[in-house]
Amino acid sequence: MDLFLQRLFDGLANGSAYALIAVALVLIFKATTLINFAQGELAMLGAFISLQLWYWGVPMWGAVVLAMLITAVLAAGVERTLIRPFDPKDHLPLVIITLGLFLLINALAGIIWRFDPRQYPELFPSGNALNIGSRGLSWYAVFTIGLTVLVIFLLTVLLNKSKVGLAFRSVSSNLESSELVGIKVGSTLQFGWALAAAVGTLGACVYVSNPLLSLEPSVMLRVLIFASSAAALGGLDSIWGALVGGLAIGFVQSLLVQYLDFIPTEMSLAAAVVVLLIILLFKPAGLFGTASVERV
């Protein structure tokens with residue numbers, strides 16, 4: 001029982017961090033119906049920038065906010081210079097560009113900060129918020145799930161109540177109709193890229209602030225796969241679905257691999273993908289995704 005509780009708590013913490021990255025993927029997908037393969041590396045770059053700012057004396061949470069702003073500006077620039085010139089309906093050039101960005105950002109991070117793992121400062125209090133027997137629910141897990149829910153709630157309000165959020169939803173629903181009613185599609189998509197980069201940076205900072213982890217250029221590669229699975233599981237156009245998908249993937253990673261002896265720990269990633277494929281087989285749009293309907 002103690003082991004089950006600990007695995008449950010671990011899954012909650014990991015799943016919440018995956019959900020934050022998954023939300024960033026969902027934002028890009030809602031706007032462009034494209035998976036941004038460079039999303040994890042942009043988030044990793046933001047985490048390194050926040051660490052560098054902290055080295056220079058900026059308070060840790062202030063460094064995280066500044067890093068979110070810097071990566072948002074960077075992503076807006078990427079959208080304007082590398083993404084917007086191409087036809088949004090032709091995904092192949094955009095996929096190649098995001099893969100190229102993935103390699104470029106990873107290499108730049110390695111050149112600037114080297115590939116040695118670095119300990120990232122803790123963003124939340126250490127210790128446990130709740131102890132049951134010999135197992136404990138850490139403050140890291142509590143704050144991570146709380147922060148994830150808060151971010152998703154704020155994004156929901158932003159997209160449903162603000163003018164720019166409504167324009168973003170309109171563009172994501174029908175690009176041609178949005179142009180006809182006078183919405184500036186380019187700047188709206190740019191807003192989506194910037195917002196996704198900021199959320200992704202927050203997710204990366206929270207993830208690597210786990211005392212059991214460290215920051216290195218390749219840290220987000222594995223996380224991006226888990227987050228992509230979470231986004232697909234919850235529904236690629238559903239922000240709240242990203243939370244459910246993230247938690248589901250986190251629990252699969254920590255519980256399923258633990259209790260099914262024939263699955264080695266090293267196969268936790270494959271186990272998560274298999275669960276994703278099984279669910280998508282019966283519900284292709286994901287648990288909360290909107291099924292596309294084409295009129296003929």
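Start by selecting helices α3 and α4: α3 passes α4 in a right-handed crossing. Keep in mind as you look that this is a predicted model. Helix α3 covers residues 60-83, and its axis and that of α4 come within 11 Å, crossing at roughly 135 degrees. That angle makes α3 oblique to α4.

Now show the side chains where the two helices touch. On the α3 side, pick V78, L82 and I83; they meet L94, I97 and L101 of α4. What kinds of residues make up the contact of α3 with α4: nonpolar, polar or charged? Six are nonpolar, with no polar and no charged ones.

Next stop: aromatic rings. A pair of such rings is described by how far apart the centres are and by the angle of the planes. The model has eight aromatic pairs. Select Y18 and Y207, a tilted pair with 6.3 Å centre to centre and 35 degrees between the planes. Y18 belongs to helix α1 (residues 2-32) and Y207 to helix α8 (residues 185-208), so this pair ties together parts 189 residues apart in sequence. Are these two buried or exposed? Both Y18 and Y207 are buried.

Move on to F124 and Y140, another tilted pair, at 6.1 Å centre to centre and with 55 degrees between the planes. F124 sits in the loop between α4 (91-113) and β1 (128-132), while Y140 lies in helix α5 (residues 139-161), so parts 16 residues apart in sequence are tied together. F124 is buried, at 10% relative accessible area, and Y140 is buried too, at 8%.

Notes:
Residues are numbered from 1 along each chain as its sequence is written. This is a predicted model: local features need pLDDT of at least 70, side-chain atom pairs count only at pLDDT 80 or more; totals for chains, interfaces and linings use all residues. Side-chain values use heavy atoms; hydrogens and water are left out. Rings of Phe, Tyr and Trp (its six-membered ring) pair if their centres lie within 6.5 Å; planes under 30 degrees apart count as stacked, over 60 as edge-to-face and the rest as tilted. Helices (H or I, at least four residues) and strands (E, at least two) are DSSP runs, numbered from the N terminus. Buried means under 20% relative accessible area, exposed over 50%, partly exposed in between (1.4 Å probe, protein chains only). Axes are lines fitted to C-alpha atoms, for helices over the stretch in contact, and angles run from 0 to 180 degrees between N-to-C directions. Angles under 35 degrees count as roughly parallel, over 145 as roughly antiparallel, 65 to 115 as roughly perpendicular and the rest as oblique. A crossing is left-handed if the near helix is turned anticlockwise from the far one by less than a right angle, and right-handed if clockwise. Contact means heavy atoms within 4.5 Å. Ala, Val, Leu, Ile, Met, Phe, Trp, Tyr, Cys and Pro count as nonpolar, Asp, Glu, Lys and Arg as charged, and the others, Gly among them, as polar.
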